[in-house]
There are 4 protein chains.
Amino acid sequence: MTRLNWGMIGGGEGSQIGPAHRLGAQADGNFVLAAGALDHDAEKGRAYAQSLGVAADRAYGDWREMLAGETAREDRVDLVTVATPNSTHFEITKAFLEAGFNVLCEKPMTMTVEQGEEIVKVAAKTGKICAVNYCYSAYPMVREMRQIVRTGQVGKIRLIVTNFSHGHHGDATDADNPRVRWRYDPAMAGVSGQFADCGIHALHMASFIAGDQVRTLSADFASTIGSRTLEDDAMVNFRLEGGTVGRLWTSSVAIGRQHGFDIQVFGETGGMRWASEQPNQVYYTPVGGRTQIMEKGEDGLSDEASRLSRVAIAHPEGFPLAVANIYVDLAASIRGEVRDGLPLASDGLRSMAAVHQAVASAKADGAWVDARPPMFRD
Amino acid sequence: MTRLNWGMIGGGEGSQIGPAHRLGAQADGNFVLAAGALDHDAEKGRAYAQSLGVAADRAYGDWREMLAGETAREDRVDLVTVATPNSTHFEITKAFLEAGFNVLCEKPMTMTVEQGEEIVKVAAKTGKICAVNYCYSAYPMVREMRQIVRTGQVGKIRLIVTNFSHGHHGDATDADNPRVRWRYDPAMAGVSGQFADCGIHALHMASFIAGDQVRTLSADFASTIGSRTLEDDAMVNFRLEGGTVGRLWTSSVAIGRQHGFDIQVFGETGGMRWASEQPNQVYYTPVGGRTQIMEKGEDGLSDEASRLSRVAIAHPEGFPLAVANIYVDLAASIRGEVRDGLPLASDGLRSMAAVHQAVASAKADGAWVDARPPMFRD
Amino acid sequence: MTRLNWGMIGGGEGSQIGPAHRLGAQADGNFVLAAGALDHDAEKGRAYAQSLGVAADRAYGDWREMLAGETAREDRVDLVTVATPNSTHFEITKAFLEAGFNVLCEKPMTMTVEQGEEIVKVAAKTGKICAVNYCYSAYPMVREMRQIVRTGQVGKIRLIVTNFSHGHHGDATDADNPRVRWRYDPAMAGVSGQFADCGIHALHMASFIAGDQVRTLSADFASTIGSRTLEDDAMVNFRLEGGTVGRLWTSSVAIGRQHGFDIQVFGETGGMRWASEQPNQVYYTPVGGRTQIMEKGEDGLSDEASRLSRVAIAHPEGFPLAVANIYVDLAASIRGEVRDGLPLASDGLRSMAAVHQAVASAKADGAWVDARPPMFRD
Amino acid sequence: MTRLNWGMIGGGEGSQIGPAHRLGAQADGNFVLAAGALDHDAEKGRAYAQSLGVAADRAYGDWREMLAGETAREDRVDLVTVATPNSTHFEITKAFLEAGFNVLCEKPMTMTVEQGEEIVKVAAKTGKICAVNYCYSAYPMVREMRQIVRTGQVGKIRLIVTNFSHGHHGDATDADNPRVRWRYDPAMAGVSGQFADCGIHALHMASFIAGDQVRTLSADFASTIGSRTLEDDAMVNFRLEGGTVGRLWTSSVAIGRQHGFDIQVFGETGGMRWASEQPNQVYYTPVGGRTQIMEKGEDGLSDEASRLSRVAIAHPEGFPLAVANIYVDLAASIRGEVRDGLPLASDGLRSMAAVHQAVASAKADGAWVDARPPMFRD
């Protein structure tokens with residue numbers, strides 16, 4: 001099986017996201033880094049790409065140069081990862097899709113709902129893959145939960161409760177730190193702070209596991225540190241299309257929570273719980289029975305979970321390999337296999353709509369609003 | 001130190017709450033069961049009381065007989081516990097207060113806000129203790145959290161997140177079981193199901209630890225099992241008088257949660273977490289520092305926590321001794337010591353107002369409402 | 001059901017063990033404190049007993065006076081608890097047994113094996129109950145584990161691994177503190193330090209759950225703090241009569257362990273784990289299956305577990321109520337019911353033999369020795 | 001920074017260890033798979049190597065061919081990983097070292113102590129790196145523990161307690177399964193079963209963290225399933241050169257333990273605990289203080305821990321990236337940087353000596369023996 005050619009935009013030297021994508025793309029030998037425009041400083045980007053093994057003529061100074069260069073080649077990259085500042089995702093993703101490239105875009109896919117709808121349309125028109133990096137959904141045991149729901153083992157889902165709360169922005173004396181401050185500044189972060197940053201991972205996962213979409217929501221936002229304009233804490237109640245009740249709490253001032261992303265799914269005949277800090281287990285309880293600890297790698301898991309695990313039971317696999325699983329599914333999809341677990345442009349769009357509608361709801365004292373993008377409404 | 005005389009109404013043979021109160025009252029040797037009207041069947045009640053060591057002339061057939069009998073005695077009981085069906089709490093509590101008895105009333109103290117205000121007034125007029133059994137607040141480590149807030153160790157409280165969710169009513173095939181059904185039937189349970197049953201413990205604890213009162217709230221109620229009229233799942237957002245943001249989730253269909261009552265308190269300079277299933281620890285994190293595991297019985301705890309613990313560090317103490325701690329504080333108060341941790345009639349009233357207002361909010365699609373009883377509004 | 005009369009020797013004002021026994025005896029209303037010789041200072045003992053409600057003529061100055069006084073009464077106490085310094089247990093227990101009293105003796109029952117054999121013989125001759133306070137065996141979920149073994153649900157037991165390790169004597173700068181030092185001084189503690197103090201609880205529990213007795217053992221003792229003569233850390237390998245392999249680690253210098261008493265039982269068809277710091281759960285795993293979390297109070301537990309639990313599932317019950325369960329079984333036994341879970345004199349004797357033989361083994365570089373008292377050898 | 005050329009022997013299609021090494025070597029972009037003799041079937045090995053991107057002339061049919069081929073090249077591989085069946089490790093490792101290659105050998109490095117000494121001598125003579133894959137020691141938080149010991153933060157180490165116990169061989173009905181049976185058959189596994197398979201990881205880690213070597217040991221072995229010749233359960237007491245007491249339990253019949261590898265280190269001024277199933281935390285307790293939860297990625301960790309972590313705090317990293325960390329250190333060492341954390345041939349030798357001596361001790365009823373290889377004795 002030959003390796004696929006992979007190109008990356010952004011993720012230059014010193015970034016945190018760059019190494020995660022490179023590890024993810026290369027860990028399983030599916031992709032080889034063949035091209036890149038890694039830095040907003042063209043010279044640094046070219047040099048860094050070459051230090052990573054990219055040929056000189058594919059070490060580009062910026063994304064436009066890369067778009068032109070790769071489009072002109074016979075051996076053009078099979079996949080482009082967009083890991084640039086948020087406000088540029090739309091333009092770059094759209095351009096590469098239109099030129100016929102498959103794209104993996106970092107979240108948020110766009111800044112506005114209109115942009116999101118545009119990407120969805122472009123992806124549909126070109127027939128190319130436009131994936132969005134909701135990487136938590138690629139943990140094997142999250143996939144297992146989805147299969148459990150699909151196969152009816154917990155019955156109809158009544159209720160989903162999910163949290164994504166940390167305390168790393170809880171120090172008011174650090175609030176002016178540029179690495180923290182921008183997230184709460186509308187000029188830089190857009191309409192939402194913590195909900196757009198972390199909450200949408202949780203909202204996506206609720207839909208992903210339930211196999212259903214968010215229809216309505218009601219939001220309560222708070223800026224608990226005075227200097228902030230955007231919310232650092234949010235509660236969002238929601239309803240899925242099928243009637244499932246949803247509750248989502250997200251916070252960045254929850255001091256003591258390191259990375260408190262967890263989800264609980266309660267159906268007619270059973271409940272499940274998963275947490276990102278111990279991602280290799282699911283706690284499953286059949287109604288009237290005892291809680292059982294499911295382990296990644298145990299006998300009898302679904303193919304969906306099994307194929308995304310690399311080492312034996314109780315050998316933990318972590319976040320970087322969840323990112324790698326996104327690339328596993330991308331490689332398979334590019335090679336023509338059917339992979340229905342990949343988060344796609346429609347998911348990116350739904351997130352963006354939910355963010356904007358949550359902001360509107362919060363401003364209207366928690367009024368219930370339609371969470372869907374216009375193009376997906378009835 | 002002589003023992004105090006204690007009387008009990010309700011809690012007859014076969015009830016679950018009766019043994020818990022008897023253990024609580026007697027465990028530390030503060031009270032001796034001197035009188036009782038334990039059963040709605042007068043004869044059974046008299047016989048059972050005598051089997052527990054109550055003298056024949058103080059083994060009463062009903063509460064009115066007990067009220068008359070005890071009022072007439074010189075050695076009247078020092079405390080009456082009211083553990084009868086919810087709808088009778090008001091009448092009995094009021095009558096004993098007016099006759100000059102101290103009362104411990106099971107929750108809910110009353111069925112209506114008006115009744116609650118009446119009890120508060122009667123208690124104030126008579127100068128007698130009217131306590132309400134929010135027993136979780138008497139766990140040593142909950143008291144420690146309150147002291148940590150009081151002494152400013154975590155700064156101003158920004159955010160409180162609390163859950164009280166179980167799955168024991170999650171089996172739809174069991175929903176018609178009379179022991180389950182009545183909780184969701186307005187004719188028997190009043191205006192609220194799960195929020196009134198469990199949620200108010202969590203709401204009380206938020207106020208208790210914060211040392212502040214709920215001012216406003218917004219509620220989202222759901223009946224996830226079709227045959228139910230009242231809610232079996234609720235999310236309540238709230239604000240304390242001082243501005244603290246609150247989030248409270250309560251559910252009885254969360255299959256796999258046994259007794260998921262926990263509270264997280266996030267202040268300017270630290271966070272804390274406590275859970276009722278492991279009540280002897282608090283997880284405390286100073287801002288910018290590591291999470292520390294505080295243990296009941298460790299050196300340096302407050303007097304408030306230390307005096308309510310009976311055995312050495314890491315020897316767990318559980319729910320029955322939290323109830324016993326309520327009686328410890330009652331005995332001390334009756335003996336004239338100052339105990340400011342006892343939940344009182346005003347707490348019972350605030351809970352009742354919060355329940356009624358949450359119901360109103362939920363009916364109004366989550367509109368924010370004043371959570372306070374009329375007599376405590378500005 | 002009338003209350004039984006209970007007498008206590010030792011456990012005076014300020015002792016820790018006294019309140020634990022009083023709570024244990026009185027919590028469920030089975031016993032009333034009717035007599036006591038509570039303090040080595042006769043006057044203080046008499047006064048304290050009366051403050052606890054003991055009649056003046058049964059508030060004794062010492063145990064001999066109590067023995068004489070109670071023997072002379074018609075309404076003599078039904079049970080005597082011996083909670084005096086270790087070196088006096090033998091003499092007092094023997095005297096009361098011979099006078100026809102039921103006795104609950106604190107551990108260690110005796111200081112020598114010979115004394116232990118004497119107690120066993122005396123108890124047999126008189127037909128009175130001589131129980132020893134291995135209270136951990138009275139936790140409901142420990143009883144459940146024993147029933148699981150008895151009913152063959154985990155097959156023949158291959159292996160038991162148990163630890164009882166804490167770090168509360170790990171501070172060398174505190175080693176001369178009299179409350180710590182005596183435990184490692186042979187003049188005061190006898191032949192063994194940590195193994196005699198904590199290890200024998202674990203050894204008893206292994207036998208208790210397995211329903212089998214220790215036959216041989218090999219010990220490795222260490223005094224990790226230089227000033228100590230007796231061991232503060234010990235590893236004891238053992239074999240039960242039926243061939244089960246046993247491993248027991250006990251330490252008092254394991255800094256960070258608060259009360260690390262746990263036991264793992266591995267049979268042919270399943271494994272189980274219980275820990276004293278979270279005593280309301282057992283983790284049970286059928287061979288080839290998932291780990292299940294068993295909860296105190298869940299449906300389907302054995303009568304043995306159910307009758308020793310007081311409150312509903314997931315309401316934790318802790319150490320003081322495990323002590324209370326010893327008294328529950330004592331009351332039932334005194335009333336003529338069959339209770340086979342009570343730790344008896346033979347258990348106290350076996351512990352003493354194991355301690356002395358472990359000391360001998362450790363001195364002989366871990367040589368395997370017969371762990372049984374002479375009277376129980378083949 | 002150019003990539004290093006890497007060659008692999010063994011780890012062919014369908015093996016579990018092959019992907020782990022390939023991920024480990026390639027995840028961080030340090031190595032590129034340049035040569036391989038991946039399968040005992042020459043043709044399959046050549047084909048598979050090429051499918052992984054190895055050039056046809058470096059896709060070898062067996063290790064001797066690879067040795068000849070690579071020795072003859074200018075661009076010979078910088079590192080050879082030996083992942084063949086255990087009995088061949090010695091011959092292959094020795095041959096490559098002698099030809100001037102750096103080697104990473106899977107454990108066990110050799111089958112006999114004499115072979116181990118030979119490898120140590122050859123590695124010393126050639127000056128090449130001979131590493132052994134004790135990959136657990138490369139977890140960031142294990143490195144942190146070692147730094148904590150080195151810098152004296154917990155004082156002199158008194159006691160180390162470590163377990164590596166699972167239950168995956170606990171099903172007697174599966175004992176004849178060839179994948180299980182060989183481990184307990186001396187003809188295939190050598191002198192030891194579970195201790196050689198898992199125990200030596202734990203023993204290595206004890207030495208690694210303590211910065212000290214095992215001097216003496218005493219072993220108790222058991223074969224709890226009748227059909228087994230070699231032990232499936234072992235307890236090994238040991239002493240380090242500096243006097244530290246050690247206790248190591250390893251089992252493969254501990255049903256319910258998935259991968260129960262943990263280590264507790266107790267020093268004069270603090271204790272620490274780490275477990276392989278939650279490898280991103282260390283529980284640290286200063287003497288007299290509270291237990292603190294240390295997190296991978298937290299501020300203030302040592303460089304040793306920080307440089308081996310790839311993603312932010314509370315984003316878990318698991319087993320495959322611990323293997324990758326071995327390759328990170330190998331790459332650095334090959335490039336001339338000083339890395340003192342790599343497990344080397346001397347570690348492999350010490351393990352082999354400990355295995356053989358534990359077997360001897362167990363046969364001699366637990367007699368204490370010198371655990372060191374002859375060449376490292378005084």
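Me: How much area do chain B and chain A bury between them?
Reply: This is a predicted model, where local features need pLDDT of at least 70, side-chain atom pairs count only at pLDDT 80 or more, and totals for chains, interfaces and linings use all residues. Residues are numbered from 1 along each chain as its sequence is written, chains are lettered from A and ligands numbered from 1 in the order written, and side-chain values use heavy atoms, without hydrogens and water. Buried area is the accessible area (1.4 Å probe) that two parts lose on being put together, summed over both. Carbon and sulfur atoms carry 56% of it here, and the total for chain B and chain A is about 2800 Å².

Me: How many residues of chain B are in contact with chain A?
Reply: Contact means heavy atoms within 4.5 Å. On the chain A side, 38 residues take part, and on the chain B side the number is 38.

Me: How many salt bridges does the rule find across the interface of chain B and chain A?
Reply: A salt bridge is a side-chain nitrogen of Lys or Arg within 4 Å of a carboxyl oxygen of Asp or Glu. B:Asp220 and A:Arg239 make one, at 2.8 Å from N to O. Across the interface of chain B and chain A, the count is six.

Me: Which strand gives the largest share of the side of chain B that touches chain A?
Reply: There are 10 residue pairs in polar contact between chain B and chain A, both residues at pLDDT 80 or more (N or O atoms within 3.5 Å; within protein, one must be able to donate a hydrogen and the other to accept it, and residues adjacent in sequence count only if both atoms are side-chain atoms). Strands E6, E7, E8, E9, E10, E11 and E12 of chain B each supply at least two residues of that side (strands are DSSP runs of E, at least two residues, and helices runs of H or I, at least four, numbered from the N terminus). With five residues, the largest share comes from E8(B).

Me: How many salt bridges lie between chain C and chain D?
Reply: Here 38 residues of chain C are in contact with 39 residues of chain D. D:Arg247 and C:Asp233 form one bridge, with the closest N and O atoms 2.7 Å apart. The count between chain C and chain D is six.

Me: How far does helix H12 of chain A reach from its first C-alpha to its last?
Reply: H12(A) runs over residues 345-363, which is 19 residues. Its expected span is 1.5 Å times one less than its number of residues. That gives 27 Å, and the helix is close to it, at 27 Å.

Me: Which residue with positive phi follows H12(A)?
Reply: Buried residues of H12(A) include A:Leu349, A:Met352 and A:Val355 (buried is under 20% relative accessible area, exposed over 50%, partly exposed in between; 1.4 Å probe, protein chains only). Their cover includes helices H5 and H9 of chain A. Past the helix, phi is near 60 degrees at A:Asp365.

Me: Is A:Arg143 buried or exposed?
Reply: A:Arg143 lies in helix H6 (residues 140-150) of chain A. Beyond its neighbours within four places in sequence, its contacts include A:Phe208, A:Glu304 and A:Asp329. Its side chain reaches the backbone oxygen of A:Gly341 at 3.4 Å. Its relative accessibility is 0%, so A:Arg143 counts as buried.
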